[in-house]
Amino acid sequence: MAGHSDNDLGLPSFDRPVKIAIVIAPYYTAIAEAQLAAAKAVLERAGAAHETIEVPGSLEIPTAIGIAHRLSNFDGYVALGCVIRGATSHYDVVVNESARALTMLGLQGVCIGNGIITVETREQAEERADAARLNTAGGAAEAALHLVALTRRFGKPKGGVGFKPRSESIEIAGDSEGSSTA
């Protein structure tokens, strides 16, 4: 993610338009505004169209992404929110369950960049939301774009699960020729 790594992959390029949903929980207004601006800047630099979807809290982000993925035509998603530890165990529930749900969606093939900030203090959140410092939202937008590029590289799922028959061809990872085996 931007700000945390010395490995800059750059932005992928696309031969077809990309549409990304930014799903944000604007619980802390100033932090959310900084996150949103940083994510939009990256998406616009990559030429990706985007739409913002607001939800009440970080626990609702995975549900909103799941709904949008089933019922819309987005290529990928940027999850943005901020969870600051308080005096109760609610922090642990929100952090763990939102991360778990986003991971489960990702394992199902949903292209998600996770930019939900999880911190001990507001100062840590401000540092991570700041595009000039750690820029976790920009990093999440980059991650979503890279996952969309990877999905397009390997093509759409071929079926073979449940009642759908598997395609006659199998794509091999790393096969740049596009050849396949049956």
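**Close-ups of a predicted model**

**View 1. The whole chain and its surface.** The protein exposes about 10,500 Å², and carbon and sulfur atoms supply 53% of that area. What you're looking at is a predicted model. Buried residues account for 36% of the 182 residues in the protein. As for how the chain folds back on itself, take the contacts between residues at least 6 apart in sequence: 73% of them join residues at least 24 apart.

**View 2. The run of helices and strands.** There are 5 helices and 6 strands in the protein. Start at the N terminus and the elements go β-α-β-α-β-α-β-α-α-β-β.

**View 3. The open sheet.** Here 4 strands make an open sheet with parallel pairing, in the order β2-β1-β3-β4. The edges belong to β2 (49-54) and β4 (112-119); each has a single partner strand, so one side of each is left without a neighbour in the sheet. From one strand to the next, the twist averages 15 degrees.

**View 4. Where β1 meets β2.** Strand β1 covers residues 19-24 and pairs with β2 in the parallel sense, over 6 bridges. As background, strands of a sheet pair through backbone hydrogen bonds, either parallel or antiparallel.

**View 5. Two helices lying across the strands.** Helix α1, made of residues 29-45, lies across β1, β2, β3 (76-84) and β4. Against β1, helix α1 runs at about 170 degrees. Helix α4 (residues 122-129) lies across β3 and β4, and the angle between α4 and β4 is about 150 degrees.

**View 6. Asn135 and its positive phi.** Asn135 is found in the loop between α4 and α5, the latter being residues 136-154. Most residues other than glycine have a negative phi. Asn135 has a positive one, near 50 degrees, and is not a glycine. Is this residue buried or exposed? Asn135 is buried, because its relative accessible area is 12% and the cut-off for buried is under 20%.

**View 7. Confidence, and the end of the chain.** Mean pLDDT for the protein is 88, with 82% of its residues reaching 70 or more. Which stretch has pLDDT under 50 throughout? That would be residues 178-182, for which the model has 8 contacts beyond four places in sequence.

Notes
Residues are numbered from 1 along each chain as its sequence is written. This is a predicted model: local features need pLDDT of at least 70, side-chain atom pairs count only at pLDDT 80 or more; totals for chains, interfaces and linings use all residues. Side-chain values use heavy atoms; hydrogens and water are left out. Two strands pair if DSSP finds at least two bridges between them. Axes are lines fitted to C-alpha atoms, for helices over the stretch in contact, and angles run from 0 to 180 degrees between N-to-C directions. Contact means heavy atoms within 4.5 Å. pLDDT is the predictor's confidence in each residue, from 0 to 100. Buried means under 20% relative accessible area, exposed over 50%, partly exposed in between (1.4 Å probe, protein chains only). Accessible areas come from the Shrake-Rupley method with a 1.4 Å probe; for residues, only the protein chains shown count as cover.
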